[in-house]
Structure formats: structure tokens, C-alpha cells
Amino acid sequence: IKDLTDEWMMSVYGPVVKIHPVVLASIGDSYERRNEGASRVIGTLLGTIDKHSVEVTNCFSVPHNESEDEVAVDMEFAKNMYDLHKRVSPSEVIVGWYATGFEITEHSVLIHEYYSREATNPIHLTMDTALQSGKMNIRAYVSAQMGVPGKTVGVMFTPLSVKYKYYDTERIGVDLLQRTRDAPNTTNGLTSDLCQVGGAAGRVQDMLATVLTYIEDVLSGKQMADNSVGRYLMDLVNKVPKITAEDFETMLNSNINDLLMVTYLSNLTQAQIALNEKIVVL
Amino acid sequence: MATRKETPSTPTAPMASTSPGATLDSPVKQIQIEGLVVLKMIKHYQEEGQGSEVVQGVLLGLVVEDRLEITNCFPFPQHTEDDADFDEVQYQMEMMRSLRHVNIDHLHVGWYQSTYYGSFVSRALLDSQFSYQHAIEESVVLIYDPIKTAQGSLSLKAYRLTPKLMEICKEKDFSAEGLKKALIGFEHMFEEVPIVIENSHLINVLMWELEEKCTVADKHELLNLSSSNHLEKSLQLLMDRVDDMSQDIVKYNTYSRNLSKQQQQKHQYIQRRQQENAQRQTRGETPLPEEDVSKMFKPPQPPPRMDTLLIAGQINNYCQNVKEFTSQNLGKLFMAEALQGHNS
């Protein structure tokens with residue numbers, strides 16, 4: 001059985017694979033915790049299947065042994081873990097499997113066969129955690145039969161397009177995690193309320209600065225003006241609502257009054273319960 | 001309602017979670033969470049926790065010097081009606097055994113729970129946290145607030161019971177005298193532990209890759225100006241709690257009044273008795289036998305003070321949250337004013 005990979009071909013065959021960041025973080029973590037002597041880790045991917053896409057939302061690693069001529073996967077373990085996971089999220093099904101490493105080896109074909117028994121048309125995800133090519137290539141493949149039917153039949157792994165999908169809260173979580181990149185010892189504390197608003201305002205300011213430099217470049221002729229960008233800019237400027245000064249004043253004041261009143265009320269309540277406590281203890 | 005969880009009592013032997021540096025007396029000063037745990041918690045709530053159900057899970061990790069490192073977690077299934085024979089302990093044991101096979105830290109260090117607008121100070125939480133902390137000294141409960149997170153910034157807090165509260169829970173003495181002795185106020189129930197997020201270098205590389213593959217976040221939820229919805233709900237919850245509190249106070253007042261009335265009655269009875277006895281003695285008759293006064297007048301049951309403490313703590317929490325929210329919004333409003341002022 002031979003296998004081929006077509007890395008340079010953008011594929012339109014097969015479903016789009018949407019991955020959640022939690023899956024990638026999990027794979028990275030299990031790679032870091034691999035046993036001595038193991039060069040790669042494998043595991044099962046869980047998720048949901050749609051008509052045109054496969055959404056991968058969870059994964060767990062499966063212990064396996066790999067040597068030159070044979071590969072052994074702990075299938076009992078895989079089944080067990082899947083059952084446990086199913087209890088928590090009954091809507092997740094096995095959609096495929098993952099392996100770290102750069103290439104697809106012959107052993108992968110065997111493992112893929114095993115997974116085709118568990119799921120229809122499983123997805124194979126590879127992530128190059130050893131960074132052999134300088135980047136962490138995250139690719140997805142699906143297997144297709146090829147060859148002459150009846151004689152030599154082989155399996156080809158065709159690449160699929162990979163997209164990243166986030167829930168809103170996940171996006172916010174990932175943004176926070178991004179900040180650990182720049183910290184010296186990769187740690188980051190959680191900031192308190194007003195600092196967060198300041199931080200967000202800072203980010204918007206940076207973005208505005210980028211846009212401004214672009215505009216100045218266009219005006220001074222350094223860059224070609226792009227009409228679509230110009231339209232976006234028009235939208236941006238028009239987004240600031242045009243309200244008369246008095247209306248805005250009244251709106252602003254009433255909002256500020258609401259907030260101040262609520263602050264006053266909550267301070268009052270806190271004083272009240274503190275008093276109550278002191279009186280009871282008397 | 002939140003379910004009770006028990007720590008598996010058998011594996012306390014392999015769970016020697018104190019490293020040689022940390023003694024049992026020195027509490028953990030900081031919590032270090034891996035990014036993976038954060039993502040898993042967010043995902044768990046997003047998929048399974050719609051509505052006001054709380055989702056819970058177990059935290060795994062270890063203690064290093066004065067830090068509690070949380071390296072992994074796994075979710076707990078919801079308690080549904082048809083799960084009468086569902087064995088929580090067995091699920092935990094199986095999960096931990098399986099995770100041990102793939103070299104994931106399998107030491108229990110705490111648990112996490114999602115919350116609805118900050119309402120998590122309840123009897124169930126107290127009991128669960130107490131049983132965890134009793135078994136494992138350094139365990140914490142992570143409270144994840146998904147609604148606040150959706151508004152723009154991750155809201156994750158770690159709490160632990162203060163030693164004073166642990167003492168009280170151990171003795172199960174929840175009466176007013178017990179609490180007075182320990183001088184516990186609602187502010188001293190939980191102590192918050194600062195959290196730091198840590199990512200390994202490999203995960204950092206992953207973050208760089210993700211950054212370049214994805215578009216810039218097109219939603220800046222944090223700068224959203226609309227606040228009335230959130231304020232309304234918070235205030236509604238606050239009002240409910242204050243109602244509970246006032247009911248509790250009324251109960252306590254009736255109890256005090258009953259007690260004092262009973263004392264008065266006792267005194268009157270004893271006085272009458274003595275008078276009668278004195279009269280009988282003057283008349284030369286045998287005095288009436290002394291009756292056990294305390295048996296006749298049974299003192300009323302004092303109401304438990306623990307609930308009051310919990311309600312007060314919850315109210316305090318709500319107030320804190322509301323104040324944080326309003327301060328953020330005031331900042332945003334002033335920014336909007338600056339923007340508008342520039343225009344006109």
C-alpha cells in the first residue's frame with residue numbers, strides 16, 4: 001500500500017475543516033507530555049459534522065507505540081475515553097484523528113483505517129510541533145481511494161482547507177492568551193476593570209494610527225489609492241453618529257446619572273449589610 | 001442548582017500534592033493557569049451551559065513552591081433526571097486513570113464552576129469547597145463568568161475559604177454564638193487568590209501562527225456602550241437577594257422577641273412560685289415541689305446564621321460587580337463624549 005501527499009495543491013474536494021483553538025492547544029500540550037522515545041503523538045478528534053464542513057471542537061490523546069515495522073494503538077483506551085467524553089457532551093462524535101509531525105507515514109494509513117471503522121470518512125489532522133519546516137503546519141487530509149480497481153489499490157490523502165472558528169468568548173480568551181507572547185517569562189496577569197477599557201482604547205488608537213499612515217501615504221502619492229479601502233473609510237467616518245450637541249448632552253448626562261445612581265445604591269447596600277452584621281453580633 | 005461533588009477519598013495516598021518547599025501551613029499565594037485550561041473552560045460553558053445552568057469541572061495540576069499550577073481540567077457532566085445511577089466518583093476515577101496514561105497531571109487541585117451574573121455564593125458551593133479544602137489544603141474554586149467575558153474581557157477568579165470559615169465548617173457550629181466567637185464577617189468568608197496565565201513556548205508559537213491566519217477581531221465588545229440590559233439583570237438579582245435578607249432579618253427579630261417574651265414569662269412564673277411558697281410556709285403547708293422551669297418553657301430554636309452570612313456575602317459580591325461595571329461604563333461614556341465633542 002503506497003500513499004502520496006499533495007501538499008502544493010489547494011484542494012476543493014471534501015468538506016471544509018473548522019478547528020477550534022482549544023483543539024490545537026490540547027495537541028500541543030499532549031506533544032509536550034509525550035513519553036520518552038516517542039517521536040510523535042496521536043489522538044482522536046471529536047466534533048460535529050455538517051453537510052459541507054466538519055467542526056472539530058475537542059480531542060484527546062491516545063497512547064500508542066511506533067517502531068520501524070509496526071504500530072500499536074491502545075484502542076480500548078480510545079473507546080473508554082470517548083465514552084467518558086460522550087457523557088459530558090453527547091452531541092460530539094468522532095470525526096477523525098490527529099498526529100503530530102511533518103509527514104504522513106505508512107503507519108498513518110493503518111491508523112486511518114482503524115478510524116474509518118469508527119467514523120465515516122474520517123479527517124486526518126497533522127500539526128508540525130517539532131517545527132521541522134520552520135512553521136507549525138496545520139493541515140487536514142481525507143483519504144481517497146486511488147489506483148486500478150481490482151488490481152493495485154492505494155489510498156491517497158487529499159488535503160482539505162482548514163479554517164479556524166471561534167466562539168465569541170473563545171476569541172476573547174485567545175486574545176488574552178496572545179498577550180503572554182510578549183511577556184518575558186510567558187506569564188500574564190488578569191487586568192482590572194478600568195485598565196481593560198484603557199487597553200481596548202489603546203488598541204483602537206493603534207488601528208486608527210495605521211489607517212492614518214495609509215491615508216497620508218496615498219495623499220502624498222507614495223501609494224496607489226484603492227477604491228474599496230476608500231469606501232470603507234467613508235463608512236468609518238459616517239459611523240460616528242451626527243447628533244446635535246444638546247441632544248448628546250442630555251443623553252450623556254442621563255446615562256451618567258443612571259450609572260452614578262446605581263453606584264450609590266450598591267454602596268448603600270454594602271453599608272447596610274455591614275451595619276446589620278455589627279448589630280447582630282452585639 | 002449546583003450539584004454536590006465528593007473528592008475521592010481513596011486516592012489520598014498518591015495525591016501528595018505538597019512539594020518539599022511548601023509546608024501545609026503556608027497557603028498558596030498565586031495561581032498559575034495554562035492557556036489550555038482557560039480555553040477548555042470557555043468551550044465547556046459555550047457548548048453545554050446555555051441558560052442559567054451552571055457547568056462544573058475538575059482542575060488538575062500541582063503545587064510548586066508558593067504557586068498552584070493548574071495544567072489541565074476536565075468537565076463534569078450535568079446532572080440530568082435520568083441519571084439516577086450515574087456514579088460521579090467512578091467517572092472521576094476513570095478519567096484520572098486514563099489521563100495518567102497520557103502523562104497528564106492527575107492530581108486534584110480544585111474545581112471550577114460557571115456563574116450567572118456573579119451569583120455563586122451558595123450553601124452548595126460552600127459545602128463542596130469545604131470538602132475539597134478539607135482533603136486538599138491548597139484547593140481553590142475557579143469562578144468563570146461567561147456573561148462578563150462576552151462583554152469583552154475574561155472574567156476568572158479563584159477563591160478559597162478563609163481558615164476561620166474552615167474552622168466553623170469543621171465544627172458545624174452555625175449558631176449565632178459560634179459565629180460571634182470566630183468573629184466572621186461576610187467579607188472574611190472567601191479569600192481571592194491572584195491568577196496568572198502561563199503558556200509554554202510551544203503554545204506561544206501556536207498563538208503566533210493563529211494570529212497571522214486569522215483576521216483582526218472585528219468585534220470590540222469591550223467598548224460597547226449599551227449597559228442597561230446588564231444593569232437591569234444585576235439589579236434584579238440584587239433586589240431578590242435583599243428581599244431574602246430582609247426576610248431573614250424578620251425571622252431573627254421574631255426569634256429575639258419570642259426569646260425575650262419567654263424570659264419574661266419564666267421570671268413571672270418563678271416569682272409566682274416563690275410567692276406561693278412563701279404564703280404556704282406562713283400557712284404551714286409543705287411548699288410546692290420545685291419544678292424544672294426550663295422544661296416547661298422550651299426555648300425557641302435560634303435561626304441558623306449561616307444563611308444570613310451567605311446572603312450578605314452574595315449581596316456584597318453583586319455590589320462589587322455592579323460597581324466595576326459602572327466604572328467601566330463611565331470611562332466609555334467619557335470617551336464617547338470626547339469623540340463627539342471633537343466632531344461638533
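A: Arg67(B) and Glu65(B) join their side chains in a salt bridge, 4.0 Å from N to O. The term stands for a side-chain nitrogen of Lys or Arg within 4 Å of a carboxyl oxygen of Asp or Glu. Arg67(B) also pairs with Glu69(B), with an N to O distance of 3.1 Å. Side chains of opposite charge can pair when their charged atoms come close.

The model is predicted: local features need pLDDT of at least 70, side-chain atom pairs count only at pLDDT 80 or more, and totals for chains, interfaces and linings use all residues. Residues are numbered from 1 along each chain as its sequence is written, chains are lettered from A and ligands numbered from 1 in the order in which they are written, and side-chain values use heavy atoms, without hydrogens and water.

Glu65(B) counts as exposed because its relative accessible area is 53%. Glu69(B) is buried, at 16%. The cut-offs are under 20% relative accessible area for buried, over 50% for exposed, and partly exposed in between, using a 1.4 Å probe and protein chains only.

Now the backbone at Glu65(B). Glu65(B) lies in the loop between strand 2 (56-64) and strand 3 (67-75) of chain B. Helices (H or I, at least four residues) and strands (E, at least two) are DSSP runs, numbered from the N terminus. Phi of Glu65(B) is near 50°, positive in a residue other than glycine. Most residues other than glycine have a negative phi. Asn103(B) is another non-glycine with a positive phi, about 65°. Asn103(B) belongs to the loop between helix 2 (88-101) and strand 4 of chain B. Its relative accessibility is 31%, so Asn103(B) counts as partly exposed.

Back to the charges. Over all chains, the rule gives eight salt bridges. Glu92(A), Lys43(B) and Glu47(B) are linked in a network of them. In chain A, Arg33(A) pairs with Asp29(A), with the closest N and O atoms 3.3 Å apart. Arg33(A) is buried, at 16% relative accessible area. Asp29(A) is buried too, at 4%.

Next, the nonpolar interior. A nonpolar core is a set of buried Ala, Val, Leu, Ile, Met, Phe, Trp, Tyr and Cys residues joined through side-chain atoms within 4.5 Å. The largest such core has 60 residues, and Ile31(B), Ile33(B), Leu142(B) and Leu156(B) touch the most other members. Helix 1 (residues 35-48) of chain B gives the most to this core, with seven residues. A second, separate core has 58 residues, including Phe77(A), Phe74(B), Val121(B) and Leu161(B). Contact means heavy atoms within 4.5 Å. Beyond four places in sequence, Leu142(B) touches residues including Ile33(B), Met41(B), Leu59(B), Trp111(B) and Leu156(B).

Tyr117(B) is buried, with a relative accessible area of 8%. Its contacts beyond four places in sequence include Asp145(B), His230(B), Lys233(B), Leu237(B) and Tyr318(B). Tyr117(B) and Leu237(B) are 120 residues apart along the chain, yet their C-alpha atoms are separated by 8.3 Å. Helix 3 of chain B has 13 residues and spans 19 Å from first C-alpha to last, close to the expected 18 Å. That expected span is 1.5 Å times one less than the number of residues. Buried residues of helix 3 include Leu125(B), Leu126(B), Phe130(B) and Tyr132(B).

Last, chain A as a whole. Chain A has seven helices and 11 strands. Of its 282 residues, 42% count as buried. Among its contacts between residues at least 6 apart in sequence, 61% join residues at least 24 apart. The accessible surface of chain A is about 15,900 Å², with 57% belonging to carbon and sulfur atoms. These areas come from the Shrake-Rupley method with a 1.4 Å probe; for residues, only the protein chains shown count as cover. Met261(A), Tyr264(A), Leu265(A) and Leu268(A) make a nonpolar surface patch of about 420 Å². Patches are made of residues with over 30% relative accessible area and no salt bridge: like charges are joined within 9 Å, nonpolar side chains (Val, Leu, Ile, Met, Phe, Trp, Tyr) within 5 Å. Met261(A) is in helix 7 (residues 245-281) of chain A. Met261(A) is partly exposed, at 47%.
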